[in-house]
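Okay, thanks for having me. Let me put the structure up.

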Amino acid sequence: MTKGGGQASAPRQAKPPRSAPAEPALPGLPARQAAARLLAAVVDAKTPLDGLTDDAHGHPHYLALEPRDRALCRAILRTALRFRGTIAHLIDARLERPLPPNASALHHVLHIGAAQILFLDVPDHAAVSLAVAQAKADPRARRFSGLVNAVLRGLSREKDSLLPQALAKRLDAPNWFRERLENAYGADKAGKILDMHRHEPPLDLTVRSEPEAWAEKLGAHPLPNGSLRLGRQGTAVPDLPGFSEGAWWVQDAAASFPVRLFGSAAGLRVADLCAAPGGKTAQLAAAGVYVTAVDASRSRLKRLAGNLARLGLSAEIVEADLLTWEPAEKFDAVLLDAPCSSTGTVRRHPDVPWTKGPADVEKLVALQRRLLDWAWRLLKPGGKLVFSNCSLLPEEGEALWREFLAQTPELTPDPIQGDEAPGIDGFVSAEGFLRTTPGDWRFESPSLSGLDGFFAARAVRRP
């Protein structure tokens with residue numbers, strides 16, 4: 001039995017007749033079925049959500065959907081992942097005993113249904129009916145359709161009283177991630193970061209010129225660093241004013257800081273390593289830098305080239321393994337925005353804490369260290385190295401940089417100053433590191449607040 005007077009408990013293990021009739025197709029059912037399959041791919045197989053929902057190469061069940069159902073599928077998935085801990089807590093509270101260990105398909109059906117009931121603008125009765133139909137259509141979950149009905153109807157009845165209490169527990173992150181945030185930032189700031197992860201991120205734009213004029217045209221909010229911020233809206237990015245003429249590009253405000261740490265670099269030769277999809281390359285090119293954009297991914301470099309073409313900017317584009325690439329000439333400056341755990345972008349990518357873990361972080365730290373050992377060798381004497389990534393974890397930022405400098409006598413630390421670039425005041429540590437978190441920049445509404453978690457540091461190659 002479910003708690004609260006629900007009808008069915010975990011039913012008997014008897015298998016349904018093989019001749020059981022198929023349930024008739026219901027409007028919206030394919031989107032829910034695809035969402036459950038993709039949720040399984042994220043949680044069970046640790047597959048990144050972006051790849052699963054790519055409109056060209058995504059999961060077959062996603063690609064089979066009509067555009068409207070694809071949008072619904074994405075919304076359900078992002079919500080189910082963003083509030084995964086809260087949803088699991090409320091479902092478990094409705095059960096008298098845990099579900100069988102092999103009932104992962106049932107777990108995903110319940111999570112998809114609960115996400116709609118608790119957080120999305122979907123009529124509760126429709127979410128329940130579609131979840132029951134979804135369970136009946138899945139041989140692995142068919143015998144639990146009564147349980148699905150009872151649990152979700154119970155959530156529908158009691159959500160107004162249960163949901164605020166569950167949200168206050170801040171359960172929407174796996175233990176490994178929550179513990180590392182608390183160790184790094186303390187319980188209070190870690191709580192603010194986790195709270196911001198519950199909100200869809202705003203859209204930040206880096207503009208070529210006339211930010212005040214474009215803020216008015218776009219109805220955008222100017223940010224302290226000069227970026228423009230739009231709240232989440234239904235208009236597709238390519239349909240916004242200024243897109244086709246290349247007046248701006250999408251770039252989180254925090255991601256714009258590393259390039260600013262080079263100061264006035266016009267006329268210099270700068271290597272942008274791990275450059276795709278190209279926001280920082282565009283910044284450098286727009287500043288009059290002779291930039292060489294290097295990345296190992298051909299498909300991502302194609303996207304970078306397309307972005308530069310739209311913006312009317314140019315750069316040398318090199319497809320290469322950074323650990324073996326040897327340019328003909330050294331550079332005046334090098335930007336290494338290294339591959340990382342992406343834990344600073346959980347607000348944009350709510351699958352990250354569920355697809356990565358401590359072992360992944362260790363591998364990425366080792367990769368970043370190898371990349372740093374190669375990157376500084378590309379510098380001329382006196383050249384600047386800026387290292388950055390979008391991780392919130394000190395082992396990928398502060399701790400890694402300290403160890404790297406201690407073992408690299410050819411480099412001299414070049415501490416960042418809080419007044420050397422617009423918007424970075426308040427993000428610079430006593431050691432001269434730049435550190436942003438989603439809990440920073442609190443404005444009038446959560447939907448317009450925060451920014452990605454970023455780390456950046458700087459050094460100079462000794463003469």
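Before I point at anything, one bit of terminology: I say a charge sits over a ring if NZ of Lys or CZ of Arg is within 6 Å of the ring centre and within 35 degrees of the ring normal. And keep in mind that this is a predicted model.

So, with that in hand, have a look at Arg70, which lies over the face of Tyr62, 5.3 Å from the ring centre. There's another case at Phe243, where Arg310 lies over the ring face at 4.0 Å from the centre.

Now rings with rings. The count of aromatic pairs comes to 12. Take Trp176 and Phe177: the ring centres are 5.6 Å apart and the planes sit at 50°, so we call that pair tilted. Both Trp176 and Phe177 are buried. Trp325 and Phe331 are also a tilted pair, because their planes are at 35°, with the centres 6.0 Å apart. Trp325 counts as buried at 12% relative accessibility, and Phe331 counts as buried at 1%. Then there's a cluster: ring pairs link Phe387, Trp401, Phe404, Phe433 and Phe455.

Last topic, cysteines. Cys274 is buried, by the way, with a relative accessible area of 16%.

Methods. Residues numbered from 1 in each chain as written. Predicted model: local features only at pLDDT ≥ 70, side-chain atom pairs only at ≥ 80, totals over all residues. Heavy atoms only, no water. Phe/Tyr/Trp six-rings, centres within 6.5 Å; stacked < 30°, edge-to-face > 60°. Buried < 20%, exposed > 50% of the residue type's maximum accessible area, 1.4 Å probe, protein only.
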